[in-house]
Amino acid sequence: MTERDWPSLEQLEDTATVVSVPLNVRFRGVDHREALLFQGPEGWGEFCPFLEYGPTEASRWLASAIESAWEPFPVARRNKVPVNATVPAIGPERVPEVLSRSRGHVREVKIKVAERGQSLDDDVARVRAVHRAVPGAVLKMDANGGWNHESALDAIRALAEFAPAYIEQPVPTIDGLARLRRAIAHEGLGVRIAADESVRKESDPLRVAEEGAADLIVVKAAPLGGPRNALDIIRDAGLPAVVSSALETSVGMSAGLALAASIPELEHACGLGTASLLAGDLTNEPLIPEDGYLPVRRVAPDPGRLEEFRAPGDRRDWWMGRLRDNYAPLAGKTGHVRKHLNDEEE
């Protein structure tokens, strides 16, 4: 994107719409997903960093939204993407209900574990319920850095019976991941480690690969500054990659889907099936997997749905202020988002 093409703040504000979409289940402590959307020459972008994120992190999400609206998506290598179902940190009795929202055959399931206030017994019960509900499915667990070294080892020993394809971000730091990975190898547990937060929240997203701290990486288009930036990170890391969502609406999910479609090889199904966690969506044709796959397509919001989920005035004002705050670090920037954001952090 050239400096001439970079949109002004006024251009973003002209079409900005703030929405609040209810969730089917509480996720990351929220019952509604808020987002700001704007339209550019290529389509719509969705700016939806979680509420607690500061400008350094959130400005990457804005860069991704601008890329989605102002640039074509990367060239696709496939016309459909394998997608896993997602099970939040719910009780085992609710697992069949959540899985029933996935249409057709469920091939892989990512299960949230290590939720604050819950125990390892809760995690095992949830995973066991998923295994019983879809006995042939590949299972993956996501701890969001919720364990320390000892509790992570205890959990991995307990969960190894379910033969997880990998456990995502079991501990919070890169050094901790490397230490845990060595301990897993020493005990012969045979469980692979995936890094998520240690890629997208670090000033250097390649350090996790350089330190040998993971077997694969989980990448998200928005937190990494957009699909093209994420593709560069995947190439430079040299590790298998899984594309995941950040709980966007189907409009925002288009960017992650485009990223997944452009990766040379996909070893595992991607975590792009989270539209089923929304109680509504901004399109009449949401990105809900059919038999474990999503068709690769760009999604535009339906005007009626934008109006239906329009956020109240105080929330619009908050998001418009956030747009202005996060545009400032990007103003006049061109080229590689990862590089210039990291330069600012040094």
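Reader: Is Trp61 buried or exposed?
Author: Trp61 is buried, at 2% relative accessibility; buried means under 20% relative accessible area, exposed over 50%, and partly exposed in between, using a 1.4 Å probe and protein chains only. This is a predicted model, where local features need pLDDT of at least 70, side-chain atom pairs need pLDDT 80 or more, and totals for chains, interfaces and linings use all residues. Residues are numbered from 1 along each chain as its sequence is written, and side-chain values use heavy atoms, leaving out hydrogens and water.

Reader: Thanks! How many aromatic pairs are there?
Author: The whole structure has six. Rings of Phe, Tyr and Trp (its six-membered ring) pair with centres within 6.5 Å; planes under 30 degrees apart are stacked, over 60 edge-to-face, the rest tilted. One of them is Phe47 with Trp319, edge-to-face at 5.8 Å and 90 degrees.

Reader: Which parts does that pair tie together?
Author: Phe47 is in strand 3 and Trp319 in helix 12, so the pair joins parts 272 residues apart in sequence. Helices (H or I, at least four residues) and strands (E, at least two) are DSSP runs, numbered from the N terminus. Phe47 is buried at 0%, and Trp319 is buried at 0% too.

Reader: And what about Phe50 and Trp61?
Author: Their ring centres are 5.9 Å apart with planes at 80 degrees, so that pair is edge-to-face. Phe50 is buried at 9%.

Reader: New topic: which ring does the charged end of Lys80 sit over?
Author: That of Tyr293, 4.4 Å from its centre. The test is NZ of Lys or CZ of Arg within 6 Å of the ring centre and within 35 degrees of the ring normal. Arg322 lies over Trp319, at 5.0 Å.
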